Amino acid sequence: PSPAPQIGAVLVYEDFQDPARGILLHSIPAAEGSEQGYEAGHYVLRGTEDDWQGDVELPVPGTFRDSRVSIEVSSIGERAGGVYLECRLNDGHGYGGVFFLDDGAYFLGRREGDSVRRLTSPSRGSPYGRFRHAGLTLDLACVGDRISLALDGIELATARDATYAEGSTS
């Protein structure tokens, strides 16, 4: 394992103000059928083909027992997509929180290779309704045996599972 960071340490931070110093642009290759880059203080991932489905992955170096990953996200354009945050990821296993930007549905799961075992039932949507063109903050936390997903500081889902004790975050 990597040396333990101090509690509350920020391991990766991107403010999107200076593309020359940007982490995402230099860390993530553009997927076929998409374009990505910095626009007006945001990192934009855009499908250029009607059937394009893609993702952005930014693994945080190191192995951690307890971690929290936060992302500010907004959906623009005709298609909304979703956000998948992970913690305690190790060899294709770990925990994840899924949030769909088109209707606000979400769930927590445990990834076991190519399959996902849901730790919470899929919601029918969040209390906020639709999320097109809205900016929001998503947080996934893995602390002890507790996995939780929050939206704008409001906890949406929580589960207890001690299968994986440590791993990376993305």
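## Overall layout

The secondary structure of the protein chain amounts to 1 helix and 12 strands; here helices (H or I, at least four residues) and strands (E, at least two) are DSSP runs, numbered from the N terminus. Read from the N terminus on, the elements follow the order α-β-β-β-β-β-β-β-β-β-β-β-β.

Before going on, please note that this is a predicted model, in which local features need pLDDT of at least 70, side-chain atom pairs count only at pLDDT 80 or more, and totals for chains, interfaces and linings use all residues. Residues are numbered from 1 along each chain as its sequence is written, and side-chain values use heavy atoms, with hydrogens and water left out.

## Buried and exposed residues

Of the 170 residues of the protein chain, 38% count as buried. Buried means under 20% relative accessible area, exposed means over 50%, and partly exposed lies in between (1.4 Å probe, protein chains only).

Leu140 sits in strand S9, and it counts as buried because its relative accessibility is 0%. Between the C-alpha atoms of Leu140 and Ala150 there are 6.6 Å, with 10 residues separating the two along the chain.

Now turn to Ser115, a residue of strand S8 (residues 115-118). Ser115 counts as partly exposed because its relative accessibility is 39%. From Ser115 to His93 the distance is 9.3 Å in space, C-alpha to C-alpha, and 22 residues in sequence.

## The disulfide

Searching the whole structure turns up 1 disulfide, meaning a pair of cysteine sulfur atoms within 2.5 Å. The partners are Cys87 and Cys142, whose sulfur atoms are 1.7 Å apart. Cys87 belongs to strand S5 (residues 82-90) and Cys142 to strand S9 (residues 135-143), so the pair ties together parts that are 55 residues apart in sequence.

In general, a disulfide is a covalent bond between the sulfur atoms of two cysteines. Here, both Cys87 and Cys142 are buried.

Glu32, Glu49, Asp50 and Asp51 form a negative surface patch. Asp and Glu count as negative, and the place of a charge is taken as CG of Asp or CD of Glu.

One member, Glu32, is found in the loop between helix H1 (23-27) and strand S1 (34-39). Glu32 counts as exposed because its relative accessibility is 75%.

Note on methods
Patches are made of residues with over 30% relative accessible area and no salt bridge: like charges are joined within 9 Å, nonpolar side chains (Val, Leu, Ile, Met, Phe, Trp, Tyr) within 5 Å. Accessible areas come from the Shrake-Rupley method with a 1.4 Å probe; for residues, only the protein chains shown count as cover. A salt bridge is a side-chain nitrogen of Lys or Arg within 4 Å of a carboxyl oxygen of Asp or Glu.
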